[in-house]
Amino acid sequence: PLYWLGKAQRLNEVNRITGNASVKYDVTQVPGLSLKASAYAYLFESLGQSFQSATQTYTQMFATPPTFSTSRDAIMSFSRTFQTQYNIVANYAKTFWDKHNVSAMIAAEYFGQKNLFTQVYGQNAPTDDISTPNASTTFATGNNTGTRSEFRIISNFGRLNYDFDQRYLLTLVYRIDATSSLAEENRSGFFPGMSAGWNIHREKFYKNSFLSKYISTLKPRISYGENGNIAGIGNYDVQGVYGSQGNYNGIGGFLNTGIINTSLRWEKSKTKDVGIDIGILKNRITLI
């Protein structure tokens with residue numbers, strides 16, 4: 001076992017670097033208003049190297065004369081992913097006329113990702129002394145490759161909360177996402193949502209009723225929301241698939257081997273909820 005273990009060289013190196021920064025500003029000229037900007041960066045790198053020295057084959061180790069594998073497979077691969085995310089958020093909260101409570105948020109966000117991968121696979125080097133593919137005399141077809149891709153999404157989203165005397169509750173939200181994975185006419189998706197509730201137990205007529213002795217919390221509520229998804233769509237699916245087509249008049253050629261589909265769009269899901277929260281005996285027992 002030590003013999004074969006010493007004949008194989010392996011190296012796997014991974015580097016991860018993460019950075020975060022944010023700044024917040026309270027606008028003193030407008031009480032209740034604040035601004036916050038954030039930045040995030042993430043770098044991932046992976047380096048892989050392997051080399052198989054000329055090795056006596058296991059099944060023929062007792063043969064006379066012994067046989068050897070001299071393909072000397074040498075592989076070197078490198079991949080890198082770099083992500084950046086920036087956002088700026090404005091928050092505002094204020095109470096009007098003692099009982100009208102309002103809080104609002106509006107924000108913009110950018111997310112970008114760049115990917116790079118390359119691999120070289122060489123064989124049949126004349127010596128074990130050079131373990132990198134540059135000494136190889138042949139290169140494995142289909143295993144020497146390089147790819148590069150990018151993805152971006154720009155978003156705008158907001159939320160508005162309103163309540164009157166903690167009795168009537170309303171929340172409105174929205175989000176707009178525009179992605180580089182879709183064609184221009186379908187690039188953006190709009191996803192709204194809302195929820196409303198009524199704290200009946202805070203009403204004067206309820207506090208004076210016999211039910212308040214037993215049911216301390218009574219809150220019916222409804223909500224509706226839309227979500228978007230593009231998880232099944234690749235970065236370049238809308239552009240079709242391109243493949244090499246051998247030689248064309250002595251020059252390497254390529255052609256479109258997959259259908260261009262600019263009709264791809266956001267998948268949307270809708271959720272509707274109706275519920276009631278009940279607290280019994282000063283909320284010793286709660287039901288939803």
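**Exercise 1.** In this predicted model, determine which residues form a nonpolar patch on the surface, and classify Leu-281 by its accessibility.

*Solution.* The patch consists of Phe-210, Leu-211, Tyr-214, Leu-281, Ile-285 and Leu-287, which together have about 590 Å² of accessible area. To place one of these residues, note that Leu-281 lies in the loop between strand S14 (267–280) and strand S15 (285–287). The relative accessible area of Leu-281 is 38%, and since partly exposed covers the range between under 20% (buried) and over 50% (exposed), Leu-281 is partly exposed.

**Exercise 2.** State how many salt bridges a search of the whole structure finds, and then describe the one between Asp-128 and Arg-72.

*Solution.* The search of the whole structure finds seven salt bridges. In one of them the side chains of Asp-128 and Arg-72 meet with an N to O distance of 2.5 Å. This pair links distant parts of the chain, 56 residues apart: Asp-128 is in the loop between strand S6 (100–123) and strand S7 (138–139), whereas Arg-72 is in the loop between strand S4 (68–69) and strand S5 (74–96). As for accessibility, Asp-128 has a relative value of 26% and counts as partly exposed, while Arg-72, at 14%, counts as buried.

**Exercise 3.** Locate the partners of the salt bridge between Arg-175 and Glu-109, and identify the network of salt bridges to which they belong.

*Solution.* The side chains of Arg-175 and Glu-109 meet at 3.6 Å, N to O. Distant parts of the chain are linked by this pair, with Arg-175 in strand S9 (residues 168–179) and Glu-109 in strand S6, 66 residues apart. Arg-175 is partly exposed, its relative accessible area being 30%, but Glu-109 counts as buried at 16% relative accessibility. The network links Glu-109, Arg-175 and Asp-177 through salt bridges.

**Exercise 4.** Are the partners of the salt bridge between Glu-203 and Arg-167 buried or exposed, and which parts of the chain does the pair link?

*Solution.* The closest N and O atoms of Glu-203 and Arg-167 are 3.0 Å apart, and the two residues form a salt bridge. Glu-203 is in the loop between strand S10 (188–198) and helix H2 (204–207), and Arg-167 is in the loop between strand S8 (145–164) and S9, so that the pair links distant parts of the chain, 36 residues apart. Both Glu-203 and Arg-167 are buried.

Key
Residues are numbered from 1 along each chain as its sequence is written. This is a predicted model: local features need pLDDT of at least 70, side-chain atom pairs count only at pLDDT 80 or more; totals for chains, interfaces and linings use all residues. Side-chain values use heavy atoms; hydrogens and water are left out. Patches are made of residues with over 30% relative accessible area and no salt bridge: like charges are joined within 9 Å, nonpolar side chains (Val, Leu, Ile, Met, Phe, Trp, Tyr) within 5 Å. Accessible areas come from the Shrake-Rupley method with a 1.4 Å probe; for residues, only the protein chains shown count as cover. A salt bridge is a side-chain nitrogen of Lys or Arg within 4 Å of a carboxyl oxygen of Asp or Glu. Helices (H or I, at least four residues) and strands (E, at least two) are DSSP runs, numbered from the N terminus. Buried means under 20% relative accessible area, exposed over 50%, partly exposed in between (1.4 Å probe, protein chains only).
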